[in-house]
Every structure is written in C-alpha cells, then in structure tokens.
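Here is a short tour for your next look at this protein. Keep the viewer open and follow along, topic by topic.

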Amino acid sequence: MDSKLATIDDVADKQFDFVIIGGGIAGCVLANRLSENPHVSVALLEAGKARFNDPLIHNPLGWMKLLRNPEYDWAFPIKPQTNAKRAQQTIVFNRGKALGGSSNINLLAYTKPARQEMDVLELLGNPGWNWENFQKYSSKVEKITAQNPVIAENFRKLHSVNAIGQDGPISITVPKHGCGTEAVFLQTLQNLGLNIRDDTALNGEIIGAFSGVNIIDPDTGVRSSAAEGYILPILDRPNLKVLTEAYVENVVLSHEGHNVVAQAVEFEHGGKSYQVRAAKEIVLSAGGIKTPQILEVSGIGNPKILKPLGIKVHVDLPSVGENIQEHVCVLGPLLAMDDTKGLVSAMMLEDPAILAKLYEPLPPRAYFQLTLRGYGFVPLQHIAPNAAEIIEKRKARFLKEADNHPPGTSELIQHQLRYLEDEKTCDVEIMLLPFRTPPGADMRKPCASVFSSLCHPLSRGTIHITSKDPKANPEIDPRYFDDETDLDIMAAAFSFCRKISQTEPFKSFVQKELIPGPAVDSSPKQAKKFASETIGTVWHTCGACSMLPRDNGGVVDPKLKVYGTKNLRVVDLSILPLMVANHTQSVVYGMAEQAADIIKADWGLPQRLASTTLHTDRMEEHLAKVDEVVNRDFDFVIIGGGTAGCVLANRLTEDKDVTVAVLEAGSAHYNDPNILEPIGWMTQMSDPAYDYYYETVPQEHAENLTFHWTRGKGLGGSSAINCLGWTRPARQEMDALETLGNKGWNWDKFFHYSKKSERFIPPYLQPFAEFKDLYNAESLGHDGPISLSFAKTGSGAEWRFQKSLANNGVPITSDFLGGNVIGTAKGLSDIDPATRTRVTADIAYIWPVIQKRHNLKILTEARVHRVRTVRQGQVLVAEAVEFEHGGQKYQVSARKEVILSAGAIESPHILELSGIGDHKVLEPLEIPVQLDLPSIGINVQDRIIIQGPAYRMADDQGIVSANMLSDPAVVARLDELHAHFSVPFQLTMNGLSFLPIQMFSQNADKIIQQQRDKLRKEWNELPSGLQEQYNLQLQFLADPHVPDMEIVLWPFLFVHQVTEVDKPYIAPLVQLSHLWTRGTIHSISADPTLPPAIDPHYLDNETDMSIFVEAFKFVRKVCGTEPFKSATVAEVMPGSSVQSDEEIKGQRIFSFEARGLTRSITMLVPAWVKRFIHTTWHTCGSLAMLPREKGGVVDEKLKIYGTKNIRVVDLSVMPLQIAVHTQALVYAIAEQGMISRASAVFMKDKPHWTPSAADIIRADFSKT
C-alpha cells in the first residue's frame, strides 16, 4: 500500500484546494471526507511514516512496546512541575508518530462524553457544537458490534435511535478476552453504590460502572486505526495525495486588508525544504501540542513570545498555547492478584509458554484482546465524604480570584464548579488496568492497578515555543496541581480505589497491595502525598487553540477558523476549550466529522455526498419483499412513495415502535444516472419506465388538443423527473389557506417546515461576474436532508435577460424565498453541488435510513387498487389496502391509518375506486358507494405555460443551449472552460422572475375589471367555496406584491425544429400563476389499471388568455431591450409576422416536427398561445383542504371527511394554486416540526402553532 502514497514530486510546488497539516485522527477524517468530491484536491502532510499492517500497531498490546519508542512516539518532555516533583522524571506526553497519529498507540478505549459536557460548548458561544450534533457525527465514525447478547441488544436499541453507528470506518467492540477480573470489578463497584450500565455509556449518560468498548476488529482483534479506517481504503483517489515523512516547518502567510491569508505550507522531506500551496484552505490537525507550535512559528500568537524569538507577528493572538488542560491520573494502588484463579496481566504475555496457551484457541492471525475493560465514572460526592467541603472551598476561592482570571477563564471555571456540584456529572474515572508489574516482581504472576483519573482539572497549563526552530520541542507546562482542588479530588480518588480493592467480591481476587503498601494509609495527608508522587497522564491534552469568542480567550471561532485569518482552520483536540470526562479519541473523531461538514458548507460542497448517503450499490436489497408486507399489519400504510410519501415514511419511523409500510407503484431506480443527471428529465419524460405520461381529454378551448401530464413513476415520485426548481410562494398565498378555513395553515408555519427540509449550500465563489448568487441565509434551512445550491454554470444568457428585465422596471431580488417573490433572481436547484447530481426525496429521506429501520418496509412495483373500508356508525374506517404486485393481488392491513400520498391525479382516482366520491360518478361505473363525497376530483387547478418568443442567439456571446450538448466536442470544450469551478459544465433552469400584472401590462386595471364583471354575472351560480377562492384570486390580481406571471429563461427548446444543432437558442417561458378555470379528475372505469379522465378546462376563462397575451408582449419587449437584444440574431418563433393580440392568440393550424436531445416527434398544434400552451405539472385542488360545506375533501388535519383513519398528504390538498414551483411546498406539507411522541404537549403549549402532516399524525396518536 505504501506504493500508493504520494511522492515528493506529487506535492512539492503544487497547488491543492486543501492542505491538511497532520495525518492523525482528525487529519485522516478530513482527508477522506473532503476528497469524496472528485473535483476537490487534497494534500495531507504527515511527519511520521505510514506503517500500514504493522504488527506492533495491530496488536492490542503493542502500545506497550510503542510508547517512548522514537520510531512510533514523539514522547514530548514536560517542564519540571512545582507541585508534582517526580512528574518530570516519570512523564512524557506520548503522541503517535505515524499516519493515524495517536490512534496507533493509545490504549484503544472508546468512550463518549456526557451530554452536558458537549452542550456546554454551545453555551460557551459556539452554535451547533452540542451533544445532538456530536452524537450524529460520531455515529458516522462507528462500526459498533458486540458478542455479549445483552450488550448486543442494547447496541441494537441505541442504533435504532441513531445513538451509535454500525456502518462507519472504525471497528469498535467489547473485546472477547480480558484479565479475568472485569466482572467482579464491576460487581464490586455496584456493591459500593454504583449502577452497572449495559449500554457501555455511549448515549450521553456516563455515570455508573460498565464494560467498555475498544477500537478493535471483533473477529481478528486487530486495532482499528484512523489510517486504516479512513485512508487505506481511499488511497486510489487521484485527487488525494498523502505524503508521509513530511515535517511541517511553518505556514506561509500574507495580508489582504484586515485578514491574514494562508498561502502555502513549508515542510521538510528527505532533508530538503519544499512548499505546497493552498487554493482554498490550510487546515491544522497536528494535535494539541504541535498545532500551537506551528501557529507560533508561523507568526500567530502572543507578541511577547514571538518578538523576542525574531518571529514576525502576523496575528496578535495571545490565547494560542494557553488554557491547557490534561487528564491526570494516580497509578495505584497496584495489586498482586491471586495466581490460582486463571487471571492474566500484560507482563505475563512475555512468557512464551503462557502466550502460547492463550493463543491456542484463537484463529490464525488473531490477537489476544487484553485491553481496558472495566470502567467506573463517578461524581465527587460518591467517593469523597468531604465533597461538600472541597466544593465550597473552591467556590470561595473563585469569588476571591475571579477578577484576576484571564479573559474567559471565569466562565470556564464556573461551568466546572457546576460539574462538581452536579451529582449527574462525572468527576473521576476509575479503571481496572492489567498492565503494570512492579520492578523485581515475578512477571508470570498476575498484577492489576485500580487506577483513577481526574475528569475536569481546574489547573491550567501552557504550551509555547522557546525557539523559532520548528524542530525544537515546545515547552510543555501542564502545571499539575496548581489548583489544589485537583489534588484534593485525586487524594479522595486514591482512597476510593483502595477501598475497591478491599471490598468483595474483588477483595477475594487480591493477594496483596504492592504499591503503596501498608506504609501509606488513606488519610488525606498521606493520600495527597502519594497522588502527587505517582501522578501520570493519559495524554488527552486540550485547550491550546480554544474554540471560544476571541475576547474570552478564543483562538478559533465556531467554524474553527483562526481569528484574524481568512482561510486557516484548526481541527484537532486543541480546540476543545473545556475538558471532557472520557477518553478523547471519540471526541476527536466526532469533531473532525463535523468540521468536514462545516468546511464543505463554507465552500459550497455538500455535507452528505451521494456516495455516502447511498451506502452501497446494492441498496435495493434493503427494500421489502412482498412476503414482508402481504397480509401483515402495520400502524400506517402509505400509498405512494413520491415526495410526500418519502418524507412521511422517514418521519413516522423515527419512533422505532411505529411500523410503516409504503406501497410504491414504480420501481426504485436506485443510483439511476438518468435521474441523478440534472438534465436527465429530458430523456425521462414520456419514457414509460419513469413517467406515467397521463393524457388529458380534448380541450375545447385549446383547439380540442390533448395534453400529456408527466408524473414520476418510481420511488421519489416527481422529485426524480422535475426541472429541479426550488421556490417558495408569496406570503399572501399561504396565509390564504387559513382565510379559507384551515386554522394554522399559514406562511409562518410553512416557512418553518420548508426550512426544515432544506440544506442550503452557499456558494464559495461567484462564477458569474454579472449573474450573481444573491440570497438571504436567514430565509433558508441549513440542516435538512435536501441539498440546495446555485448552479455554477448556465446558458450564459441569464445575466443579460436579468438586466433587460431590470431595465423594464423588474427589481433584482436577493430574498425571493422569504415570502416576497416579486422580482428577478438566480434560482436555486435541488442539486448536490459536489457530485452535481439531483437530490430526490428517496435519496434524502429513504436511502439513508432503510438499512437501519426495521420498522419501515417499502415495497416497490406495488400498484394500489383500492382501500378496503368498513362502516362504524357514522364514519368509514380503513382496514386494509389492496394492491397488485408481480401480476398477483394482495392486501396489507393498517392498525392506525391509511395515508394517501399518490399525488393529485392518483389520490382521487384511488378514492373513487374505493367507493369514496360523488355517487353520480361512481354508480354508473358500478362501484359500490361507501361514502358520498361529491368534492372529490373537482376544483382541479394546473399552471400552464406558453413558450414565449424564441431566439436564435449570437455565436460569439458564449451562450449555450441544450441542443448543442448533443455534440461531444462542444461538451468537452465547455468542461474545459469551466474547470476552474471544480465542476463540468451543467445546464439548469436558473433564471427565474415573478411579476404582478401591474408590472407587465398597461391594461392591468382593465383586465381586473373584466374578471370582476364576469364573476358578478356568474356569482349566484357559483358554489360558496368557489366564491371565496375567486375573491382571494381577485385580491391576488389587484395586489402588486403577489405574482401573476412567472418568466423562466429556457435554454431547452422542445417544440421548435432546431435545424442548426450547434447553434444556441433561448426561449423565455411564460407561466400563469393563478388560473381562473377549474378542472376535474374522475375515474372512467372500475378497472384500476385504466387511468382517470383528466379535464383541466384549459383557457375556459377569457381572463387567462388575456393575461397570457399581455405577458407574451412584455417578454418580447424585454428581449428587445439591451443588453439581451445585442445577443440575439433573430426571433425564430413566432417571428415578426405575429404582432397583434389576435395573431398572438392565433387561430391557424400547423404541423411541425419537434426534436429534443434524443428523439423526434410530430405534433399537430394550433397557432401561437394555443399552439404552444403546455402544463408545468403543478396540479392541485383535487382533494381540497376546505370546510366540507365549501367543497372540502380533507379537514385541516388532512383527514378525509366522513372517515376515521384516512388522510391525504400530497399536493391534491392545496385548495388554491400558488404562483411558484411546488416541490418545496410538498416537502413542507409532509414535513414535521417535532420528533418526539410528546408533540401533543408541544401543541398544547403553542395553541397558535398547527403542525404539519407527520407531525399532525403523531400528535393525534400520542394522545392515545
């Protein structure tokens, strides 16, 4: 494997996006995660060697031969200690000297901190650094298993609630072997009042005794290191260069205004000095000792230290190297154990005969797993009778000295004093160590130490350079026991450890105490003396580059960026401002995983790549088989695995006690390139493998033409085939839902839930000088599952069109997602910017959880025929769902609810097939009427578009359209041209504009009055519910803050014969926002395989046509305005012959051929507006959420009127069309705000807040 490492020529004088200093735990994690994107280059510099497959590292006991071995261990010396005089002779700070860092030489313990210890990071001024995020990120690291059935069951429970990971790169397990006294040690701790934990303290609660886990492969016993977990499997990545034996000397810095820029890293390799440059960032991951040293030799630190050494000060940052905290320990008592009970200690394994006997039952190449196993985490009150006195004395001293503390120190100490007072917080760790045998003792006899460690030292040390020579060791001064409270606690800990050795059942395994022996009693005086003379370290140094506000002693901010620098970060244990109680490698792994996401977000890279979200290429194996669903009972049966269905399936199964079955009629299409490719929709539409391709009935007012309605056929639904636009409606449109009688359905609620689904990835550069990525970060979600990004490439015409719009009075907006959509903007897309792939509902909500959630069964290719119901009194109850799979008919039962999420076409169709609908529709089809609900399938609204004037664009303006991408030479040229954006060329729909009629028509008042007059004549014949809707639409039309038209700059001509395939064509699309017509969707047969009759009643209302004509004329005017005008060659559609309103409306019939990228079709169509009318597939209203007497099908909780347990969650419930693309709306409808089963309590506390979909469903059932 060493042959795959970089050579000096691969790195020296080269430039990489990221240069990582230090190949320890954090550096390995970062190198892996950042290089997941093949277009991001990463260099990792490690001073040590690689040492893959080294038996001394693989062997769990190898560390005993590695510590202080200069080939493996830096073994940093410390300064003489005033309060621990023997420390300098006995202590060095051991640190791993190899790729993988200290994960190669530590004692393999994997423990996690307490919840409150991680939450305090956020309280100290670091948003996002808390227990929940730590748990999320540490679970990405872990592959935890257990052989013990009880522990294995607890692991399964923890994993089911995402408390631990089982798919990460680091193998973690409870070792198979031990010294033989672990069980009695834990029993003794229990006899002394400490509870035994079966969960190995991995869930944020650590007080108690437990058998811990280690970083060991459960089968071979091999150590699982950061190098072999994170680096070895990916050495083939061409964008990652790992250079070992590269000793970093300093970071080369320059100045840009008030910021310092990290430009390069100077390092030594093979006795010569070299340099490597960073295009984006340099990340310091050299550890708690070397990181502050590198900062100081580079000119970042305290001027009082740097200037006397002749180092130029680039950033005055006095906190570098301060606030050092280190776990200290007392190495006793050391006990001779009973040699008749088959016990084992480490030194016994030096005897070949003993070793051979222990290895005899093991498989070949497996190791005997003698490691840290027995732990006790205890509060001070449990071990010290004088705990209250110790605490009060320290509090009094704090009050006396608080004014003299350095900035920020008082706040840190206050938190530590709270730890001491809180009996739920650990102050001392007790361990059973079978590793020490005193000099002169018989190595063949078992020995063990009962060992104690101070969890939160109040003493503070320093690490500073004493020379500008980067190879000179820094001066390490931990200042052990500078705070006498530390010594008080450790004296009490020693006395308690001795008490353990004298308590049954452990006492029966002890032969005698070797150190300190009977000459030292357990009095406070003697205990303090022994503690100070036998002090040790567990090498968990933190705090040297604390993550705190700068004024409070911080070195890095919450994004880990060094204060005063533009692009220099620190990612290692040195950033931890306050020590945690546990062994720290889990903290470093978790912090590094979180840091990787922070860095990715800052540079516009996704936090979760498709390659990591979609775990394996055989994920479809985790979908349900028909036998797992048929004739079984589930709490919820969801019909439809589209956008809403995927969200519901995810959220409802967050509770492991809730079972859910999803029936999806299409295929899974896992990892399908036609879906992942953002313009794959051009080949999917009309393809029966992806598209249901419904057809309307002939439209009377559109020349009796029929129109095709595309709908996604597969898991993820239409999120897999839409045009990727992500927009939000106007505030007034969402507030209208509440006006129509749906309490709590309003803008504020929608805004909350919409952000919950979003993960906005901000741009790290502006690829377009003129067409900028404008946004308001507060209007976007940042932690949801749907990646949102700006396109880095485009047609090249967008900025010209935007400026021409602005020259016609249309404002350029920077916050079109905040409820005010009027204006023109660069649109967002649900595209992962690193992989350049579409993010669908199944990619975001299903594939990440399908392996872990045994309570979720998803059956694809399951076409639902009907919902089987029975009547209970006045209501209809859904009992089961009948479906077809593989040509056979089956059913699945629902204990609680059936949820229809089949979309605005199929949801009403399935209800009518089930006997729920208008009896006048059902009876002629001989469908038994179970519930007469005439509003089903009416009130249908569908936004329609016309392809506005189309233009042949100039060749020399850098403009690209889809037809050109059929030429490989053009694609290659574009990829090369855009290479500096780290992505190949990509064409998307990213020029969006939303306008009120007052902005695009001088006839606005006339058209509004025309519609008022029309409604006045028809008013008495309109149903009351439609009257209310039309009143709102009139308000929308008269309100200049609500859009009536959308313009999309469209580089995808799909209705014109493109005769010059290598030339650019652009056609703005014009879309009406709120149609006045209402259509219907109804069954035509009792046969569920026949599609329903779709009649949208296009252009039934003359006002729709009038607005279209005005919109078309305005767009033509914009295209004739500079700077867009100069980029056009000719208007190719409809051409100069079409000018008057009558000609635009058109009456002529033409036959023409339309050719896309992959196929040709021939159509017979009418002239202009009617000739080019089309649907945007945003159908709503067929199962409207309205009061029943006003045409409603579902109530405000989405439950169908007259039923007990049937809900609808999809776009069909929207009673009134919105002006924008609807996918964000569907996600928000389906999303939920709370994740606990106590959501009913939440609603009680917030009566003004109505939850959505999954939230509503869980609230209803939490009451029962």
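The axes of helix 2 (residues 25-34) and helix 19 (residues 585-602) come within 9 Å and cross at roughly 35°. Please keep in mind that this is a predicted model. Its mean pLDDT is 88, and 90% of the residues reach 70 or more.

**Helix 2 against helix 19**

- The crossing of helix 2 past helix 19 is right-handed.
- From helix 2, the residues that take part in the contact are I25, A26, V29, L30, R33 and L34.
- They meet a set of residues in helix 19 that includes V588, Y589, A592, E593, A596 and K600.
- As background, a pair of packed helices is described by two values, the angle between the axes and the distance between them.

**Strand 1, helix 2 and strand 2**

- Helix 2 also belongs to a right-handed β-α-β unit, together with strand 1 and strand 2.
- Strand 1 (residues 15-21) and strand 2 run parallel and are joined by 4 bridges.
- If you want a landmark in this pairing, look at V19, whose bridge partner in strand 2 is A43.

- Strand 18 (residues 374-378) is largely enclosed by the rest of the structure, because 5 of its 5 residues are buried.
- Both of its faces are covered, with G374, G376 and V378 buried on one side and Y375 and F377 buried on the other.
- Strand 8 (residues 208-211) pairs with strand 18 in the antiparallel sense over 4 bridges, and S211 stands opposite G374.
- Strand 19 (residues 428-433) also runs antiparallel to strand 18, again with 4 bridges, and V378 has V428 as its bridge partner.

**Where to be careful**

- Over residues 608-617, pLDDT stays under 50, and the model has 30 contacts beyond four places in sequence for this stretch.
- Residues 764-769 also stay under 50 in pLDDT, with 20 contacts beyond four places in sequence.

Terms used
Residues are numbered from 1 along each chain as its sequence is written. This is a predicted model: local features need pLDDT of at least 70, side-chain atom pairs count only at pLDDT 80 or more; totals for chains, interfaces and linings use all residues. Side-chain values use heavy atoms; hydrogens and water are left out. Two strands pair if DSSP finds at least two bridges between them. Helices (H or I, at least four residues) and strands (E, at least two) are DSSP runs, numbered from the N terminus. A crossover is right-handed if, with the strands pointing away from the viewer, the path from the first strand over the helix to the second runs clockwise. Buried means under 20% relative accessible area, exposed over 50%, partly exposed in between (1.4 Å probe, protein chains only). pLDDT is the predictor's confidence in each residue, from 0 to 100. Contact means heavy atoms within 4.5 Å. Axes are lines fitted to C-alpha atoms, for helices over the stretch in contact, and angles run from 0 to 180 degrees between N-to-C directions. A crossing is left-handed if the near helix is turned anticlockwise from the far one by less than a right angle, and right-handed if clockwise.
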